[in-house]
Amino acid sequence: MGEPRVEAVLAFRGGGRSMVGHDRIRLLEAVALHGSITKAAQAVGISYKAAWDALNAVNNLLPRPAFSAQTGGRHGGGASVTPDGLALIKAFHLLEERLARATAVLSAGESPVDPHVLLRSLGMRTSARNAFRCTVDAIVTGGVNAEVVLRLTDEIQLAAVITQASVRDLGIEEGSEVTALIKAPFVMLATGEAEPTVSARNRIPGTILAREDGPVSSEITLDIGGGKTLTSVVTWDSADRLALSAGVRVWALFKASHVILAVD
Amino acid sequence: MKLSARNALKGKIIEIVKGQVVAKVKVDIGGQTVTSMISVEAVDDLALKIGDDVQAIIKSSEVMIGK
């Protein structure tokens, strides 16, 4: 007996017709590889007739054919996969990979499973160190830009300046759930009790949890309350000059125009 | 306030152009001009006006170099 494992099965369906799943995609790949339905059928271990029927089912799924059989009739000639067919193969594998990632979370047996974490594994992952799930409190529209005010925690609001076009394209409105992304090097740090008098719209107080030094840079992680942490990368010189170490109270400063918004 | 940014250039505001959301602020730094784009709200918060002594703060990771 192997480990209990959760697997997701992906299938495409169009117009209520038969489903296109892993086996048919594999057959389509074999056609692309061998350039012939006969050889593709042999490669995946099914009869010519079964392959022909399966490939036609794939063709029925798409607005344009996924494969085309060259003249020579049903039993002769070659076959090739169209650009639409190749795109279908690629999309199928991408989705399969994402699904596998999501089901791995379930398989890991961590309980309870956060449905947001599960969904996030389906979507894009980014290199930005700071990703905050927020609710849109307000939108101030300008000519080209818009300022989006986000609720991060009960205590903290974030400001993001993005283009008007992005607000439209992403369908952002008051109450929308968005993810705010901030690269760690965009985050400046300031010491001192008083709130810094700088133009940066985002001024968040926090306590240093950890400092990790490299030869040039220092990575500083802050506890900003409400169970949230914020990571900043500053030069090692600055980290030393400000005597940054665990427990020190600091202000995290970043410009509103440095906040990227993502929606699911 | 001590700031982690390595570059704080002292100068005087010579121009402010306000849009609806974003404002352009030009700062004269010893004969050279640094242009900053900040939010209108920040201009109001800091009560910025022409002739004010300010610092143009630029994180070292944000400075491009051309040759």
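The legends below describe close-up views of a predicted model.

**View 1. The largest nonpolar core.** This core has 34 residues, and those with the most contacts inside it are A:L150, A:L158, A:L189, A:L222 and A:L261. At least two of its residues come from each of several strands of chain A, among them β3 (130-141), β4 (145-151), β8 (202-213) and β9 (217-225). A second, separate core has 27 residues, including A:L10, A:I25, A:V31 and A:A51.

**View 2. Surroundings of A:L189.** With neighbours within four places in sequence left aside, A:L189 is in contact with residues of chain A including A:I220, A:L222, A:V234, A:L244 and A:W251. From chain B, the residues in contact with A:L189 are B:K2, B:L3 and B:S4.

**View 3. The largest pocket.** Its volume is about 740 Å³. Of the 29 lining residues, A:S199, B:S36, B:Q55, B:A56 and B:I57 are the closest to the centre. Two or more lining residues come from each of β11 of chain A and β3 (22-29), β4 (32-39) and β5 (53-58) of chain B. The largest share, 6 residues, is that of β5(B). By class, the lining has 19 nonpolar, 6 polar and 4 charged residues.

**View 4. The pair A:F12 and A:F92.** The structure holds 3 aromatic pairs over all chains. A:F12 and A:F92 are edge-to-face, at 5.4 Å centre to centre and 85° between the planes. A:F12 lies in the segment before α1 (22-34) and A:F92 in helix α4 (residues 83-107), 80 residues apart. Both A:F12 and A:F92 are buried.

**View 5. Rings around helix α3 of chain A.** A:Y48 and A:W52 are stacked, at 6.5 Å centre to centre with 15° between the planes. Both lie in helix α3 (residues 48-61), 4 residues apart, about one turn of the helix. A:Y48 and A:W52 are buried. Ring pairs link A:Y48, A:W52 and A:F67 into a cluster.

Technical notes
Residues are numbered from 1 along each chain as its sequence is written. Chains are lettered from A and ligands numbered from 1 in the order in which they are written. This is a predicted model: local features need pLDDT of at least 70, side-chain atom pairs count only at pLDDT 80 or more; totals for chains, interfaces and linings use all residues. Side-chain values use heavy atoms; hydrogens and water are left out. A nonpolar core is a set of buried Ala, Val, Leu, Ile, Met, Phe, Trp, Tyr and Cys residues joined through side-chain atoms within 4.5 Å. Buried means under 20% relative accessible area, exposed over 50%, partly exposed in between (1.4 Å probe, protein chains only). Contact means heavy atoms within 4.5 Å. On a 1 Å grid over the protein atoms alone, a cavity is a set of points where a 1.4 Å probe fits but cannot get out, and a pocket is an open set with protein on both sides within 12 Å along at least five of seven lines; lining residues have an atom within 4 Å of a point. Grid points are joined across faces, edges and corners, and a volume is the space filled by probe spheres set on the points. Ala, Val, Leu, Ile, Met, Phe, Trp, Tyr, Cys and Pro count as nonpolar, Asp, Glu, Lys and Arg as charged, and the others, Gly among them, as polar. Rings of Phe, Tyr and Trp (its six-membered ring) pair if their centres lie within 6.5 Å; planes under 30 degrees apart count as stacked, over 60 as edge-to-face and the rest as tilted.
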